[in-house]
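The following note sets out points for a colleague reviewing this model. Please read each one beside the coordinates.

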Amino acid sequence: NATIVSGQGIYWSVVPFPLIEAARVWFTPQGVTAIDKIHGRYAEVSYAELSSLVGFPISYNDVERLLLGKPFSYGVTEDGGTDAEASLSIARGEAAGAYHLRWLLNAQHQPTSFVVSQSSRQGAPVFSLNYDQTEASAARHFAERTFLFLGRTTRPALTIDWSKLRPYTGEAPDLTPRIKEGYKRISLTELIKLLPSL
């Protein structure tokens with residue numbers, strides 16, 4: 001289950017089975033908070049820490065655009081591809097060349113994937129996001145589904161189905177992260193390792 005207030009925050013409640021909530025995640029302009037409810041753990045990171053982890057500068061707006069499949073650029077781009085597919089390659093600001101960021105777009109200029117790979121080590125992938133685009137998602141201006149892959153894995157670490165999102169009515173929801181007393185703090189790296197099991 002997800003609630004999104006554009007430009008302000010994203011809240012997820014991960015319910016893998018009826019009546020069992022496994023995790024909660026908040027993306028806010030201040031940072032990312034994730035709670036592993038099953039094991040009583042949580043992680044809080046700033047965007048500076050997240051940028052260090054993913055290998056390129058990232059902000060809340062970038063995260064929102066990545067999850068929903070809305071391309072962005074850091075300014076240095078190269079266009080290429082065929083009529084059916086175009087690509088945007090992005091050079092990373094302060095350490096250009098360390099990582100290669102690439103958007104793949106379909107003929108309607110909707111993104112089909114975003115890949116971050118290392119420029120060295122034969123372009124080893126760091127992570128990638130694949131986007132399932134449909135006619136309905138094109139009308140809503142964001143992807144139908146988002147798939148997160150870590151490293152060279154072929155099985156997604158996380159699949160997000162956006163197809164049931166609807167415009168919110170009424171008063172804007174409170175997206176303030178809330179952590180229960182007694183929960184143990186862990187690093188984001190440790191929490192990411194838990195993603196496939198949630």
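1. In the protein, 36% of the contacts with a separation of 6 or more are between residues 24 or more positions apart, contact meaning heavy atoms within 4.5 Å. The model is a predicted one, in which local features need pLDDT of at least 70 and side-chain atom pairs count only at pLDDT 80 or more, while totals for chains, interfaces and linings use all residues. Residues are numbered from 1 along each chain as its sequence is written, and side-chain values use heavy atoms, with hydrogens and water left out.

2. The protein contains four helices and 13 strands; these are DSSP runs numbered from the N terminus, helices being H or I with at least four residues and strands E with at least two. Of its 198 residues, 40% count as buried, that is, under 20% relative accessible area, with exposed meaning over 50% and partly exposed in between (1.4 Å probe, protein chains only). The accessible surface comes to about 11300 Å², and 53% of this belongs to carbon and sulfur atoms; areas come from the Shrake-Rupley method with a 1.4 Å probe, and for residues only the protein chains shown count as cover.

3. Six strands form an open sheet of mixed pairing, in the order S1-S2-S3-S4-S5-S13. Strands S1 (2-5) and S13 (184-185) stand at the edges with a single partner strand each, so one side of each has no neighbour in the sheet. Two strands pair here if DSSP finds at least two bridges between them.

4. Strand S3 (residues 23-28) pairs with strand S4 (residues 31-36) in the antiparallel sense over six bridges, and a hairpin joins S3 to S4 through two residues. Threonine 28 has glycine 31 in S4 as its bridge partner, and arginine 24 stands opposite isoleucine 35 in S4. On the other pairing, S2 and S3 run antiparallel and are joined by five bridges, with arginine 24 in S3 as the bridge partner of serine 13. Five of the six residues of S3 are buried, so the strand is largely enclosed by the rest of the structure.

5. Helix H2 (residues 60-68) lies across S1, strand S2 (9-14) and S3, and runs at about 50° to S2. Axes are lines fitted to C-alpha atoms, for helices over the stretch in contact, and angles run from 0 to 180 degrees between N-to-C directions.

6. Leucine 19 is exposed, at 88% relative accessible area.

7. Where does lysine 184 lie? Lysine 184 is found in strand S13 and counts as exposed at 55% relative accessibility. Leaving aside neighbours within four places in sequence, lysine 184 is in contact with Gly40, Arg41 and Tyr42. Its C-alpha atom is 8.6 Å from that of alanine 43, 141 residues apart along the chain.

8. Five aromatic pairs are counted, where rings of Phe, Tyr and Trp (its six-membered ring) pair if their centres lie within 6.5 Å, planes under 30 degrees apart being stacked, over 60 edge-to-face and the rest tilted. Among them, tryptophan 12 and phenylalanine 27 are edge-to-face, at 5.2 Å centre to centre and 75° between the planes. Tryptophan 12 is buried at 9% relative accessible area, and phenylalanine 27 is buried at 11%.
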